[in-house]
Amino acid sequence: MNGPLRRLAGVVAVLFASLLASTTWVQFVDADSLDEQPTNSRTLYKEFGRERGPLLVGNSTPIAESVPVDDQYKYLRRYPGNQAYSHITGFYSIVFGPTGMERAAGDLLSGTSDQLFYRRIGDLLTGEEPKGASVELTIDPKAQSAAWKALGDRRGAVVALDPRTGAVIAMVSKPAYDPNALASHDRAEVIAARKKLLADPTRPLEDRAIASRLYPPGSVFKLVTAAAALSDGRWNPQSVLPGPAELDLPQTTVTLPNYSGGSCGVGDKVTLTDALRISCNTAFGYLGLQLGPGALAEQAQKFGFGQKLRIPLEATASTFPANANQPSTAQAAIGQYDVRVTPLQVAMVSAGIANGGVVMRPNLVKTVRSGQDLKVIDSPEPERLSEAVSSEVAAQLRSMMLEVVRNGTGTRAQIPGVEVAGKSGTAQQGEAGPPHAWFTAFAPADDPQVAVAAVIEDGGGLGDEASGGRLAAPVVQKVIRAVLDK
Amino acid sequence: MAVVTPITPRTGRNVEAVLIAVAVALAIGAWAMVGLAVDGRLPAGMVGYGGGFGLLVLCLHLMLRWRAPYADPTLLPMATAINGIGLVVIHRLDRAEERSFGESLASRQIVWTALGIAAAIVVVLLLRDHRVLSRYTYVAMVAGLLLLLLPLFPIIGKNINGARIWIGLGPLSFQPGEIAKITLTIFFAGYLVTARDSLSLVGRKILFIQFPRGRDLGPILVAWLASLGVLVFERDLGTSLLFFGLFVALLYVATERTSWVILGLGLFSGGAFTAWTLFGHVQARVDAWLHPLDPVIYNRPFGNSQQLVQGLYGMASGGLLGTGLGEGRPDIVPYAESDFIVASIGEELGLTGLFALLLLYGLIVERGMRTAIGVRDGFGKLLAGGLSFSMALQCFVVAGGVTRVIPLTGLTMPFLAYGGSSLVSNWMIIGLLLRISDSARRPPAEPAPAPPSSDDLTTDMPAATDDGDGHDGDGDGVSPSEDQTVVVRP
């Protein structure tokens with residue numbers, strides 16, 4: 001009987017081998033896909049059960065942090081920055097998952113990022129409780145708070161960049177929300193809070209600064225048109241352009257009028273510098289017709305249009321209409337028609353000009369430190385995104401923008417003792433409502449440290465009286481002052 | 001032919017004592033980990049309970065020194081290790097569910113552990129020679145069938161989670177099928193050792209394989225029908241599979257005819273297919289096995305795959321090294337302490353821990369098989385082989401069900417899962433294997449003072465001559481008539 005017993009022992013070996021294989025499959029090969037199943041609550045418990053790293057601004061001021069609580073999730077996420085930082089931090093919800101930086105830097109904060117691999121091995125060996133990395137942001141709390149206050153109760157957004165590095169110094173979107181309510185461990189409370197926010201017609205969950213909604217830029221786009229014209233070689237800042245009260249658009253009966261309704265200069269003539277200074281629509285419409293849609297689109301692209309950026313928050317790509325016909329091109333050249341931008345993109349245009357024509361890749365992360373020893377794991381180097389214009393053209397544009405603030409549409413952006421270069425915009429929405437007020441600027445003009453863009457939606461309560469120079473320029477000015485400490 | 005190499009007999013009892021200390025230390029260490037993880041300090045009573053557990057095992061160890069000195073020295077430590085880990089995991093789940101001492105499952109499991117080890121001690125003490133059991137072949141059959149049928153009787157039979165395999169006596173409930181596993185193995189071994197000649201007679205030859213005569217098919221058909229009966233009336237897939245698999249395996253070992261295996265697999269496939277077409281609960285199990293993540297199957301009110309899927313999630317979250325004892329959430333899985341204790345261990349001790357555990361089971365089974373090969377009488381071979389194989393099959397059915405090798409059925413993991421009947425019956429199996437291994441490893445008697453008899457031919461065969469024997473190896477040295485003889489040792 002020993003022969004069959006040996007074979008039976010062989011069968012037993014096969015049975016156990018199949019169990020070793022199946023457990024390997026479940027716990028190793030298929031484990032990641034099982035972890036990601038929507039019905040898997042463990043992944044959530046596990047993530048919550050670990051001490052998540054904080055998001056920090058300035059001198060290690062937390063805007064998101066984990067505090068121990070006595071429930072099944074072990075840690076509660078709190079947002080001491082409240083509403084002012086809500087679109088940056090996002091929220092970490094047990095029901096809806098993470099948003100904002102909580103999502104974009106989720107791997108680092110939870111400690112599961114591959115960048116933390118060796119540290120995790122270390123934790124394993126020392127038996128130390130794994131802790132997420134802390135992520136320090138580039139945001140300057142003073143600038144953030146200035147932008148938050150300057151917008152007041154008006155809907156809109158502000159983005160401030162360091163033109164030399166692309167670091168995001170301030171980023172505000174209004175209206176905002178309280179992320180603490182959405183990070184609660186009471187499911188019903190979370191669901192109710194989110195439902196209320198979704199039902200709010202002012203859309204507080206949308207991050208107007210970089211995503212989810214695009215605005216017509218209006219006259220701030222003239223910076224792009226001017227850049228294209230100066231780069232083209234046919235024009236310089238002193239070139240004289242036609243500046244009638246209305247520009248006849250080819251192929252249509254429609255005309256392109258000036259904002260003021262009048263002519264831009266004596267004899268309907270105006271220099272390029274003056275055209276930018278007083279924001280002459282007809283002169284820029286003319287330039288658009290001369291340059292054609294291709295050249296404008298190309299210039300826009302060099303400033304970053306059409307690129308979906310991760311800063312690491314996901315920024316929507318700004319768009320310049322493809323295949324615009326001639327009349328549309330004239331309208332696009334003054335930032336109307338189908339040109340759509342984010343405030344981030346407008347700030348990037350200013351920043352590119354400020355930085356001698358080179359646009360730096362916008363970035364929110366300053367340093368990532370390990371949760372245990374606070375050693376720096378990563379601090380992203382500034383990275384060039386593109387060369388939008390030559391340094392000569394950038395210098396010409398800077399002089400022209402200085403004129404806008406000195407004695408043009410942007411006088412409200414002036415700061416005593418600081419040379420500010422800027423451009424206003426008033427984006428008409430036609431029947432849809434009062435115009436959006438825009439302003440973008442950088443300062444100091446000779447040694448730029450900050451580039452800002454601000455938009456105030458739907459005239460900010462001033463109706464059709466609203467203009468970029470009047471509404472948005474003071475907001476930009478306050479942010480610049482906060483950054484420069486003036 | 002086999003080469004006979006003289007081997008100095010070693011009892012291995014000292015090795016066993018060391019291994020027992022390791023096994024008990026493992027359990028105490030695991031318990032300490034749970035305490036540190038859950039409360040941040042070492043559990044109170046660690047020394048007391050751990051020492052008590054060690055003392056129980058020590059009793060069995062001393063009994064072996066006294067009554068079965070040549071018993072296999074690895075079986076007891078391995079069973080001790082698994083039982084200890086099981087106690088710790090059940091205790092850990094008690095903590096997660098915040099059960100009070102009164103309702104704690106671990107404290108009951110400790111009582112059952114004591115009873116189980118006591119049962120093993122009794123087996124080793126009272127059963128001086130396993131061949132005595134072959135006298136009770138038909139008593140064992142009647143007892144086995146009765147135990148299997150008990151849950152079907154009104155009043156005492158209890159229907160728990162759709163399976164009618166429990167009996168209730170006051171507050172206690174018991175799964176008689178677990179004990180039936182032993183009595184039926186005794187019956188199978190006793191019956192087959194006498195019937196093997198007629199069952200292995202030449203029959204018709206179909207495609208190079210000898211098939212038995214029609215009238216010899218009786219026993220396998222009876223076993224098949226009984227298994228189907230268990231499946232249909234008690235709705236217990238696992239037990240049904242276990243008994244039929246065990247019977248076919250022993251039939252093969254006894255007759256050395258592959259045709260029985262083919263017949264058995266054929267009958268099994270036919271039965272399984274019929275059950276699948278006829279019974280909704282079988283279909284539900286199969287669906288949940290094949291498509292556990294399908295939202296429809298996951299969410300349906302009856303026969304859903306939630307337990308299976310949550311178990312898989314638990315194991316997946318454990319990964320290679322596990323969360324650590326007390327650090328995971330095994331309590332999310334329903335019946336984490338019984339049916340799904342494998343998933344609990346996979347989650348907290350990781351793939352590494354689960355491998356170690358499965359290897360322990362594998363080693364117990366293979367040591368049992370080795371005992372079967374080494375023992376000289378046919379009944380002992382069949383009994384040891386059957387008991388070991390039933391344990392292997394049970395592990396496979398449980399762990400295979402949890403990890404989706406086969407559809408999920410309701411058996412318990414030996415020594416590990418919460419449940420008194422299973423624990424006691426498995427300790428009895430260890431007691432039997434220890435007893436049989438003692439006679440398998442016992443060196444041949446010194447030149448016998450007793451008058452020479454035909455028995456000496458068998459008893460003098462060295463235990464270690466099993467290498468290289470062919471299909472008809474030393475098993476042929478034991479004829480059915482000799483198996484009936486009870487050898488009285490000096």
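Among contacts in chain B between residues at least 6 apart in sequence, what percentage join residues at least 24 apart? I found that 70% of them do, where a contact is a pair of residues whose C-beta atoms, placed from the backbone, lie within 7 Å.

**Model and numbering.** I note that this is a predicted model, in which local features need pLDDT of at least 70, side-chain atom pairs count only at pLDDT 80 or more, and totals for chains, interfaces and linings use all residues. Residues are numbered from 1 along each chain as its sequence is written, while chains are lettered from A and ligands numbered from 1 in the order in which they are written.

**Chain B.** I looked up the elements and found 17 helices and 5 strands; helices (H or I, at least four residues) and strands (E, at least two) are DSSP runs, numbered from the N terminus. Chain B has 490 residues, of which 51% count as buried. A residue is buried if 20 or more other C-beta atoms lie within 10 Å of its own, exposed if 12 or fewer, and partly exposed in between.

**Cores.** I next examined the nonpolar cores, each a set of buried Ala, Val, Leu, Ile, Met, Phe, Trp, Tyr and Cys residues joined through C-beta atoms within 7 Å. The largest has 146 residues, and Ala27(B), Phe188(B), Leu250(B) and Leu382(B) touch the most other members. Helix α13 (residues 341-374) of chain B gives the largest share of this core, 16 residues. A second, separate core of 137 residues includes Leu276(A), Val341(A), Met360(A) and Ala473(A). Leaving aside neighbours within four places in sequence, I found Leu250(B) in contact with Phe188(B), Ala189(B), Leu192(B), Leu382(B), Gly385(B) and Gly386(B).

**Gly346(B).** I then turned to Gly346(B), which lies in helix α13 of chain B. Why does Gly346(B) count as buried? It does so because it has 33 C-beta neighbours inside 10 Å. Its C-alpha atom is separated by 4.9 Å from that of Met315(B), 31 residues apart along the chain. Not counting residues up to four places away in sequence, Gly346(B) touches residues that include Thr23(A), Gln27(A), Gly314(B) and Met315(B).

**A sheet in chain A.** I traced an open sheet of 6 strands in the order β3-β2-β1-β6-β16-β17, with mixed pairing; two strands pair if DSSP finds at least two bridges between them. Strands β3 (75-78) and β17 (376-378) are the edges, each pairing on one side only. Strand β2 (residues 61-68) pairs with β3(A) in the antiparallel sense over 4 bridges. I saw that Ser66(A) stands opposite Arg77(A) in β3(A).

Definitions and conventions
Contact = placed C-beta atoms within 7 Å.
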